[in-house]
Amino acid sequence: MSLQAYLTLAAAVFCIGLFGVMTRRNTIGILLGIELMLNAVNINLVAFARFGGDVTGLIFTVFTICITVSEAALGLAIVILLFRVRRTVTADHLDLLRG
Amino acid sequence: MMTDPGLLALVALLLPALSFLVLAVAAPLRRLGRPAAWFSILCAGGSLAAAVQAWAAGGDDVSRLLWAWLPAGGGTLASVGVLADADSTLMLTLVALVAFLVQLYSVGYLSDEPPPGLGRYYTYQSLFAFSMMALVLAPNFVQLFIAWELVGLCSYLLIGFWYQKPEAARAATKAFWITKAGDVGLLIGIVLLWRQSGTFDFFELRLLAEGGALPLAGLSLITFCIYLGAVGKSAQFPLHVWLPDAMEGPTPVSALIHAATMVTAGVYLLTRTEWLFALTPEVLAVVAWIGAFTALLAAVLACVQDDIKRVLAYSTVSQLGYMMTAIGAGLAAAGFFHLLTHGLFKALLFLGAGAVIHAVHSNDLSHMGGLARRMPHTAIVFLVGTLSLAGIPFFGGFLSKEEILGAVWAGGFVGPFLLLMVVALLTAFYMFRVVFLAFFGEPATAHITATVGAAHAGHPHDPPASMRVPLWILAAMSLGVGISSTMAGQMLQFGPAEREGPAWLMPSAVGVALAGILLAWLTYQRRTIDASSLAAAFGPIRRAALARFWIDDIFEGGYRVGLLGFSRAVGWVDRYLVDGVLNALSAWTLTAGDDVRGMQTGRAQDYVYGVAVGLLVLLLWVQWVLA
Amino acid sequence: MIGEPIVFWVLTVVLVGSALAVVLSKNLFHAVLWLALALTGTAGVFLLLEAEFLAAVQLLLYAGGVVTIVVFAIVVTERLVGERITQTNRRITGAALVAFTVLALIVSTVVRQPLASARPAVEGDLTRAIGEGVLTRYVLPFELLALLMVAALLGAIYFARPDE
């Protein structure tokens, strides 16, 4: 398969994740969307690395995965804390920054 | 030893500046009062010594010390420095002398002043001495103008020295604004002159003027504008109204600034630029006529004043008119000579009046009387000053007045000459009126006991030594100048021989003065002539004079109608047009802000939505670029 | 490799389908399970691209770690809320339009680029190459990464600590 095929697949996953981030009411649901988007990025990185014959992209994929896991752990911790303080996991209710 | 008059003059100039800087910066020293005073006096004394040396060393040499100041286009637009010649060093000596004596005198006069106030007073005095000397020694119009404004500032500060008094604050503002009106003219004149000649420097201008290289077209306007500055500063009609009010300041200030030095700056300016005015005889005629008219007007006003300082103030205006007339008649040297003698004896008169006020605690002539017996020193020196002012032989003002009258007659100004003769009569009359009312006759004890009471239980007495010494020095110098000039008589030549007055001039002038004295004696001492019937004989004039010839009212009316009306119109425009537009704009901004704040929902997802839409736009743009 | 297109298309269907299920499923717990499937699919894509080590990492960390954490989070919040968490979507039409247009634009851009149609053969051991890169040239980011993970760990513990 060509590089374009892999990039198109990654783009599709990315856009689905984006859609989830924009639409989900639940904060955990939003986090899931973010995970999807990051995955799409990883696919991109690996595909470019392999088609370009350069190992750097693969190394950075390792880094990205680690960072993503950290992000997921922290994000979920924030969700729990948020729930304790505000008694809600619905993103719509979190509007302290409203103008 | 330094013998260059320029350097000596520079020392004389910088000592008061040092004093001012020290007193201005070292606040603790200033607040101590007396130490600050003595420091300032010390500097003034050193300045006087340097000035005398400069004068003695100078002779007819001209010494210029210049430092480039305003660089422009590869050259120097203006420099600062000193121009020490015969006139300026002489004037410098007068300024330094009177400044020194007045500062010495003030220690006694202001002994009741709290220490911080005294320190402030001496700070201003030092600044004034420096500014006035910088004016006198100015080598060009720029430095002259700066110093001119500085002395105006000092005048303002010192008139308003007792700023808690509303009248003093008002008088200070009035003096400042009215002299500023003239200064605008001076500034315009200086700039116009520069445009025509390309230089501010007196020396170069003089070479141009005397070489005939100065274009005559428009020069009348320039000299008239410069003269306007002198009108404001030297209290010529119609801008003389500030000087009588300036008497609200402490009396030594009146002696120094508003009699001996600053108000004569206008006369000095015209003397300095005599060669320039010589090119415009029509402006000189205006100067002469206005000078003579001012002299008469002020003399009439002086006759009806009951405040001893106001009499002296109007007398100063009158004498300034004399000097201006001499300059207008083309003999600036005579005017300058009178400036110097007048500086001596008018400072003496003011300081004498200060001594009287110090003793009686009132400015009002009706509260004085019979003081000659109680204050013999003051009475004698005041009499010397009065005789000098009246122009009696062997006294200070005699020869200078003769010179002026001779010059005006010889210049063909018959009208001003007659006016000046009337003024001579009036001068003698009103000054001796003061003398007889204050120093002779019955003492007005009722007032003294009533107001002074227990605090000054004793009778009025002569002032302390620190005040008496300056009085005697000035009296001695007035007499000395008078005697030497009278004896030397015709040997002193202040101009070409053909400009000397005719032989009948001297006897008639002295006769007129003696007639004035006699009239005052008959009216106020012998009471042969009833003062009220004399007043009745001049009823309308007296009424007009009491109303100050309505000049102040005209200014005030002009201010009310013109300036206030204009201010109201401008205020309306500001309040309704300018503010209206701004208010509309701000209201619009507020509404718009209210409308768009809804965009900030505070929900993170909405922002993500916005980011996604932004990404979309970016991609569309990329597509468009690629296409 | 003749089977690659077939495997690719199968993986595409699995990946896109499970991703859609993640964002559309009403039951949050199901959504997490669908995410696990999507992550496994991604690991399959890595395998297809002959990056076996990454596929293993993906499975262990993501499908194992993240999914476990998320399940824990759901369980904890559900216990706190006291009821089953369902979730709905909002602004579906607008978001779908935006997401689809972005996808269309990306694809149309990608397709027009002259990109390599075949990848070079693997030279040597990729896992070894990654290991050498991480410990030589990229050792500094690697160490920073360790720091980051410690910080994340501490932060997560701090945030999730029990109430005093």
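In which hand of crossing does helix 27 of chain B pass helix 4 of chain C? The views below start there, in a model that is predicted.

**View 1. Helix 27 of chain B meets helix 4 of chain C.** The crossing is left-handed. Angles under 35 degrees count as roughly parallel, so helix 27 of chain B is roughly parallel to helix 4 of chain C.

**View 2. Here are the residues that make the contact between helix 27 of chain B and helix 4 of chain C.** From helix 27, look for Tyr609(B), Ala612(B), Val613(B), Leu615(B), Leu616(B), Leu619(B), Leu620(B), Gln623(B) and Leu626(B). Helix 4 answers with Gly94(C), Ala95(C), Val98(C), Thr101(C), Val102(C), Leu105(C), Ile106(C), Ser108(C), Thr109(C) and Arg112(C). Sorted by class, this contact has 13 nonpolar, five polar and one charged residues.

**View 3. Chain C is built with six helices and zero strands.** Follow chain C from the N terminus and the elements run α-α-α-α-α-α. Take the contacts in chain C with a separation of 6 or more: 57% of them are accounted for by residues 24 or more positions apart.

Notes. Residues are numbered from 1 along each chain as its sequence is written. Chains are lettered from A and ligands numbered from 1 in the order in which they are written. This is a predicted model: local features need pLDDT of at least 70, side-chain atom pairs count only at pLDDT 80 or more; totals for chains, interfaces and linings use all residues. Side-chain values use heavy atoms; hydrogens and water are left out. Axes are lines fitted to C-alpha atoms, for helices over the stretch in contact, and angles run from 0 to 180 degrees between N-to-C directions. Helices (H or I, at least four residues) and strands (E, at least two) are DSSP runs, numbered from the N terminus. Angles under 35 degrees count as roughly parallel, over 145 as roughly antiparallel, 65 to 115 as roughly perpendicular and the rest as oblique. A crossing is left-handed if the near helix is turned anticlockwise from the far one by less than a right angle, and right-handed if clockwise. Contact means heavy atoms within 4.5 Å. Ala, Val, Leu, Ile, Met, Phe, Trp, Tyr, Cys and Pro count as nonpolar, Asp, Glu, Lys and Arg as charged, and the others, Gly among them, as polar.
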